[in-house]
Amino acid sequence: MVIRIYRDKEFELLEDVYDPGEDSYMMVDAALDEVTYGEKVLEIGTGSGIISLFIKDIANVVAVDINPHACRNARQNGIDVIRTDMFSGICGKFDTIIFNPPYLPTSDEERLDTWLNRAFDGGPSGKDVIYSFIENVRNHLTPHGKVLTVISSLTDIEDVEDKFRAHGFKVDTLSVHKICFESLAVLKAYLA
Amino acid sequence: MKKDLMEILCCPVCKGDLELEVVRENDVEVLDGALYCKKCNERYPIEDGIPNLLPPELR
């Protein structure tokens with residue numbers, strides 16, 4: 001077991017669980033800015049639970065992951081977690097839905113044969129999982145609900161923004177970070 | 001899992017309501033048990049406090 005620290009919080013990291021990176025920490029910062037007191041929040045693909053950990057004392061947070069090791073890890077970090085595939089076992093509506101998706105373009109040869117693959121693999125274009133999310137997320141949002149997500153320039157940020165708009169969302173860019181060979185953008189998509 | 005999570009959970013196959021079956025619990029939550037879908041006649045296990053709502057073929 002490994003201990004990671006961000007801001008003032010320590011959290012545990014188990015094997016075969018996504019080791020939080022710049023994308024995770026950008027999402028923590030965005031969630032702290034955007035989630036308001038008492039909201040109902042759903043986090044998809046929580047991994048270690050790092051993002052939910054920072055807002056669980058502010059909001060009513062539930063997290064899901066398909067990776068059994070991630071579920072165990074998030075629970076150890078104090079998160080209420082459900083093992084399911086994106087929205088498949090979830091029927092409620094939420095004020096905020098948070099998703100740090102697997103967004104890397106991934107060929108057959110690059111695919112890992114472990115649960116960790118689900119944290120990275122966005123299909124050949126990188127867009128498979130985020131597009132599927134965008135097509136379904138509206139059914140799980142309250143009328144003034146919002147989505148916080150992060151996407152890489154390797155995936156094409158503008159295409160993802162356009163996909164949100166095609167499904168009736170407005171999109172704001174909350175932050176952009178350039179790291180060595182890509183840019184990461186945190187997006188807020190909300191119903192007008 | 002805390003019992004109030006029942007409000008947001010559904011069967012991943014038919015999206016119908018689930019019945020909670022408790023085997024072991026503490027003051028806070030259910031530790032072991034199952035979520036039963038009457039319509040599909042399927043039980044989704046709760047183990048060590050984590051409900052597993054993957055369809056049987058994906059578990």
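Biologist: What places A:Arg165 and A:Asp162 about one turn of the helix apart?

Modeller: Both residues lie in helix α6 of chain A, 3 residues apart, where helices (H or I, at least four residues) and strands (E, at least two) are DSSP runs numbered from the N terminus. This is a predicted model, in which local features need pLDDT of at least 70 and side-chain atom pairs count only at pLDDT 80 or more, while totals for chains, interfaces and linings use all residues. Residues are numbered from 1 along each chain as its sequence is written, chains are lettered from A and ligands numbered from 1 in the order in which they are written, and side-chain values use heavy atoms, leaving out hydrogens and water.

Biologist: Why is the pairing of A:Arg165 with A:Asp162 called a salt bridge?

Modeller: The term asks for a side-chain nitrogen of Lys or Arg within 4 Å of a carboxyl oxygen of Asp or Glu, and for A:Arg165 and A:Asp162 the N to O distance is 3.0 Å, so the pair qualifies. A:Arg165 also forms a salt bridge with A:Glu161, with the closest N and O atoms 3.5 Å apart, and A:Glu161 and A:Arg165 are 4 residues apart in helix α6 of chain A, which separates them by about one helical turn.

Biologist: What makes A:Glu161 count as buried or exposed?

Modeller: Buried means under 20% relative accessible area, exposed over 50%, and partly exposed in between (1.4 Å probe, protein chains only); A:Glu161 has 11%, and is therefore buried. A:Arg165, at 41%, counts as partly exposed, and A:Asp162, at 42%, is partly exposed as well.

Biologist: How do you know that A:Asp121 and A:Arg111 link distant parts of the chain?

Modeller: Their side chains meet in a salt bridge, 2.8 Å from N to O. A:Asp121 sits in the loop between α4 (117–120) and α5 of chain A, whereas A:Arg111 sits in the loop between β6 and α4 of chain A, 10 residues apart. A:Asp121 is buried, with a relative accessible area of 14%, while A:Arg111, at 39%, is partly exposed. These two residues and A:Asp108 are linked in a network of salt bridges.

Biologist: Why are the buried residues of helix α5 of chain A said to be on the same side of α5(A)?

Modeller: The buried residues of this helix (residues 128–137) are A:Ile130, A:Phe133, A:Ile134 and A:Val137. They cover an arc of only 100° around the axis, which puts them on the same side of α5(A); the arc is that of the directions from the helix axis to the C-beta atoms. The elements they pack against are β3 (40–44), β6 (94–99), β7 (141–152), α6 (157–166) and β8 (169–179) of chain A.

Biologist: How many residues of chain A are in contact with chain B?

Modeller: With contact taken as heavy atoms within 4.5 Å, 19 residues of chain A are in contact with 20 residues of chain B. The count between chain A and chain B is 2 salt bridges, one of them joining B:Glu29 to A:Arg75, with the closest N and O atoms 2.8 Å apart. On the side of chain A that touches chain B, α3 (68–76) and β5 (81–83) of chain A each supply at least two residues.
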